[in-house]
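The report below describes how selected elements of a model pack and pair. Please read it alongside the structure shown here.

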Amino acid sequence: MAEIIDRLEMNHITKRFPGVLALDDVTIHLRKGEILALLGENGAGKTTLMNVLYGLYHQDEGSVLINGQEVQIYEPLDALKRGIGMVHQHFMLVPNLTVLENIALGMYQHSEFKLDLERVRGRVKEVAERYNLSVKPDAYIWQLSVGEQQRVELVKVLTLGANVLILDEPTAALTPQQTDALIDLLRQTVLQDTSIIFISHKLNEVKAISDRVAVLRNGKLVFDGNTADHSAADLAEKMAGREIKYPKIQKKDEYGVPILQVQNVWADGDQEGTDSLQGLSVEVRAGEIVGVAGVSGNGQRELADAINGIRKIKEGRIVLDGEDISNHSPQQIIDRGMGYIPEDRLHEGTIPRFSVRENLIMKDYRRAPLSKALFLRKGEIDSRSESLVKAFNVKTPDIQTSCASLSGGNIQKVILAREITRKPKALLAAYPIRGLDIGASEYVHNQLIQAREEGMAVLLISEELDELLDLCDRIAVMYEGKILDVLPREECTKQELGLLMAGVAHGKE
Amino acid sequence: MEKSSADKYRELAVSTVIVLFSLMIALILGAFLFAVAGANPLRAYGVMLAQPLSGMFGLTEMMVRAAPLMLVGLGIAIAFRSGILNIGGEGQIMLGVVFGTAVGLALPNLPKPLLIAAVFLAAFVGGGLWGGIAGWMRAYLNVNEILSTVMLNYIAVQVYQYLLRGPMIDPNEVAYGTGVPQTALLSENARLIRYIQGFRLHSGLLIAIALAVVVFLFLWKTTVGYRMRAVGAEPKAATYAGMNVKHNLVLAMVLSGGFAGMAGAIEVMGVHHRAMESISAGYGFSGIVVALFGGLHPLGIVPSSMVFGLLIVGADMMQRAVDVPASIILAIQGLIIVAIVSSNLFLKNPKMRDKVFSLLGGRKIAERDPEGGRT
C-alpha cells in the first residue's frame with residue numbers, strides 16, 4: 001500500500017509536442033482531502049497534464065513532488081505504486097467479466113498461476129465499506145448501468161491503493177441524476193485520506209464539487225483559487241479567455257404554419273415485445289424551437305430515428321410540411337427537406353475516416369453543382385468545402401484532413417455546416433452540445449437560433465434543462481415513449497420539468 | 001495544405017513499408033519451408049525471383065498471369081472498400097468462364113471487337129450473378145458473406161464440372177470417345193490478340209490495366225463510387241445520410257464478382273481458347289493477396305499483380321530447378337497474408353510506428369498531443 005499523499009506538487013511542468021507547446025510552465029498543488037477541479041476547454045492541456053502525472057507522458061521540464069520528495073513517474077505502474085490512480089473518460093472494463101474479475105485484472109497476484117479471487121473479494125469489501133461504495137462483486141459488467149460501472153472503476157482504483165484519484169470528465173456519460181449521485185459519492189470519498197483531481201469543462205459540476213479550481217487555457221495556468229470565491233460566469237470567462245454569453249432566443253409573437261407534425265406514433269423498441277414510442281404526438285411550427293426534455297432512454301433516439309425514416313413506425317403519421325413522410329426512406333425524407341444532427345456525431349453524423357471535404361458533401365453529392373451525370377466535380381466540391389469550413393469556422397488543417405482527427409466541437413461544426421446550408425424545412429438536433437466545451441456549445445446554440453430566425457422548424461432533443469430553457473419556445477417532456485406535457489417556455493420551471501422528466505404528471509404529485 | 005499532403009505521403013510511406021516488410025517476413029519464413037523440403041533456400045529464391053526476369057518466356061508468362069490476378073484483385077478491392085469481403089473469386093471466375101464461353105461459342109461469327117466485348121459482358125454477368133447472390137444474402141438475410149462465398153465456390157465447382165462433362169462438352173470429344181471435359185475451341189474472332197510469335201502474351205493485360213484506371217475513376221470520381229466507399233467506411237453514417245446500405249452491398253458484390261468473371265473470360269479468350277477443368281489456377285484466392293498487397297487501391301494492384309505473376313511463374317521454374325513442388329508458392333502466399341495482416345496491426349500501434357519511423361529517420365507521430373488541434 002502506498003503511503004498517504006499529504007501534499008502533491010507539480011512544479012513548472014512544460015511539455016512539448018511537435019509544433020505544439022501543450023503545457024507551458026504549469027504549477028498545481030493538491031493537499032490531502034481536497035478536491036481540485038481542473039477546468040479548461042478542449043485542447044487546453046488538462047488531460048495532458050494529468051497524463052504526465054499518471055506516467056503516460058513524461059514532462060520535458062519541471063518536477064513532480066510527493067510529500068516534498070521529487071519523484072520520477074515514467075509509466076502508470078510508477079504512479080499506482082505511489083498511490084496515484086486515474087479513471088479515464090471511457091471506462092476500461094471488460095464487459096464479459098464480473099466486477100471482481102475486472103478488479104483482479106489490475107492487481108498483483110501472489111501466484112502466477114492461481115487467481116485468488118477470494119483475496120480480491122476481501123479487498124473490495126474493505127474498500128467498499130471504508131468509502132461507502134457499494135458494488136455487486138459477482139455481477140457481470142454488461143449487466144450494470146453506466147453509473148454502476150463508474151463506481152466499479154472507482155473501487156478498482158481505490159483497491160489498488162490509490163489515494164489521489166484523477167477523474168477525467170467522469171460525468172460525460174452520465175445522466176443528471178447519475179451525476180448528482182456521483183458528486184455525493186465523491187464528497188464522501190474525500191472524507192477519508194483521499195484527494196481528487198477532477199477534470200471537467202462543466203461549470204455547474206465544478207461549482208458543486210470542488211474546493212479549489214485551476215483553470216488552464218492554451219497550455220497555461222491562468223487561474224488557481226478557491227471555488228467558493230468565484231461565480232460560474234467568472235470561471236467561464238477565465239476558461240474561454242473572453243466573456244461568454246449564453247445565447248437565448250428572443251420572444252416571438254407569431255409563428256409560421258406547422259412544419260413537422262408527429263401524430264400518435266407507435267414504434268417497436270429494440271427489445272422484442274416492447275414499444276419505444278407509445279402514441280407520441282408533437283408539433284413544430286416554422287420559426288420555432290421545440291425542446292424534447294427527458295432522461296435519455298425514454299424513446300428519444302427512437303423518435304429521432306422514426307422521424308428520419310431509419311426506424312419503422314407501426315401506427316400514426318409523421319407529416320413534413322403537409323406531406324406524409326411516415327415510413328418513407330431516409331433519402332426521400334432528406335429530399336423533402338429534413339435536416340438531422342444525430343446523437344452520435346462521430347459515427348452517425350460523419351464518416352470518421354473520410355475527409356472533411358467528403359463529409360461535407362454526404363447529403364448533396366448527387367445534386368448539381370457538386371456532381372454532373374455520374375461524376376463528382378472536384379472543383380465545385382473543393383470550393384464549397386473551403387467556403388463552408390471558413391463560414392462555420394471549422395478548425396482543421398485543411399479540407400483533406402479526416403474527420404476522426406478533429407475535436408468534437410469541430411466535427412459538430414462540419415455537421416451543422418452540412419445540414420444548415422441545405423436549408424431544410426425542419427431540423428432535428430439530438431443532444432447537439434453533449435461533450436462540447438463552452439465555446440463550441442455557444443457556437444452550436446447560435447446556429448440553432450439562427451436556423452429559427454430563418455424560419456426552420458427545429459426540434460431539439462436534450463436532457464440539459466439550461467439548454468432547453470435558453471433555446472426553446474416550447475418544451476415537450478418525454479417519458480416512456482410518450483409526451484407527458486408541452487409547456488411554453490415562460491411557464492416552465494426547472495423543478496416542474498424535473499418532476500415531469502421523472503414521470504410525475506402535471507398537476508398531481 | 002502542405003501539412004496534410006505531407007501526412008498523405010507519410011501514410012503512403014507507411015503502407016509501402018508495411019507491404020515490403022511483410023513480403024520480407026514471408027520470404028524469410030518461406031526459407032524454412034524450403035529448408036524442410038530439402039532445398040537450398042537461397043538457390044530456390046534465386047531461381048524463383050530472377051529466372052523469370054531473365055528471359056522472354058518468363059517475362060511474358062509473368063504478364064499472362066498478372067492479367068487475371070489484376071482483375072480479381074480489382075474486384076476484391078471494390079468489395080473490401082464497400083465493407084464486404086469476397087472470398088468467392090474462384091466460383092465467380094468459373095461462372096464467368098461458363099457464361100463467356102457459352103456466348104463465344106454461340107456467336108462465333110460476330111466481328112472480333114464485338115464478340116470480345118460480348119464475351120466480357122457475359123462473363124461479367126455470370127460472375128456478377130454469383131457474387132450478387134452472396135451480396136443479396138448478406139444484405140437481406142444477414143448471412144455472413146465469408147461463409148456464403150466459400151460455399152458458393154463449392155457449388156460453382158460442381159456446376160462447372162457437370163457442364164464440362166455434359167451439356168457444354170466439345171462434340172468432338174464425344175465423337176472420338178476421348179471424353180476430355182472441355183468445350184470446343186472458340187472461333188478466331190473470340191481470341192485476344194497475341195503480340196509476340198511463340199509466346200502467350202495477349203492483349204488481356206492492357207485491358208486489365210485499362211480497367212484498373214476505370215475502377216480508380218469509379219471509386220474516387222463518381223457519385224456511386226463515393227457512396228460505396230461511404231457505406232463501406234461507416235454504414236451507420238451512410239444510412240443517416242440517406243444512402244441505402246443494402247443496395248450498395250449487393251452492388252459491391254455484383255461488381256466484385258463481375259470482375260472475377262472477366263478474369264475468367266481473359267483466361268478463356270487469351271490463353272486456353274476454350275473452357276476446361278482447373279482453368280483458374282487459384283486466381284480467385286491469389287487475387288485476395290494481390291488486392292491486400294496492392295493496398296486495396298487499383299493503382300497499387302497493377303504492380304502487385306505483376307509481383308504475384310512473377311512469383312507464380314518463378315515457382316514453376318524453381319520446381320524444375322531445385323525439385324521442390326511449385327505449390328510451395330501457396331504457402332508463401334499464405335505467409336504474406338499473415339504477415340501483411342499482422343504487420344498492419346503491429347504498425348497501427350503508434351508507438352511501433354514511431355520506432356519504425358525513427359529507424360527510417362522520419363519524424364515522430366506517436367507522441368502527438370492527444371488534444372492536438374482540438375480547440
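## Helix packing in chain B

In this predicted model, the axes of helix 3 (residues 56-81) of chain B and helix 13 (residues 298-322) of chain B come within 7 Å and cross at roughly 135°, where axes are lines fitted to C-alpha atoms over the stretch in contact and angles run from 0 to 180 degrees between N-to-C directions. Helix 3 of chain B is therefore oblique to helix 13 of chain B, a class left once angles under 35 degrees (roughly parallel), over 145 (roughly antiparallel) and 65 to 115 (roughly perpendicular) are set aside. Helices are DSSP runs of H or I with at least four residues, strands are runs of E with at least two, and both are numbered from the N terminus.

Residues are numbered from 1 along each chain as its sequence is written, and chains are lettered from A and ligands numbered from 1 in the order in which they are written. Local features need pLDDT of at least 70 and side-chain atom pairs count only at pLDDT 80 or more, whereas totals for chains, interfaces and linings use all residues.

## A hairpin in chain A

Strand 11 (residues 258-268) of chain A pairs with strand 12 (residues 275-285) of chain A in the antiparallel sense over eight bridges, pairing requiring at least two bridges found by DSSP. Val262(A) has Val282(A) as its bridge partner in strand 12 of chain A. The two strands form a hairpin with six residues between them, and Gly273(A) in the turn has a positive phi of about 80°.

## Domains of chain B

The assignment, automatic or from a database, gives domain 1 (1-38 + 324-366) and domain 2 (62-313) of chain B, with C-alpha centres 28 Å apart.
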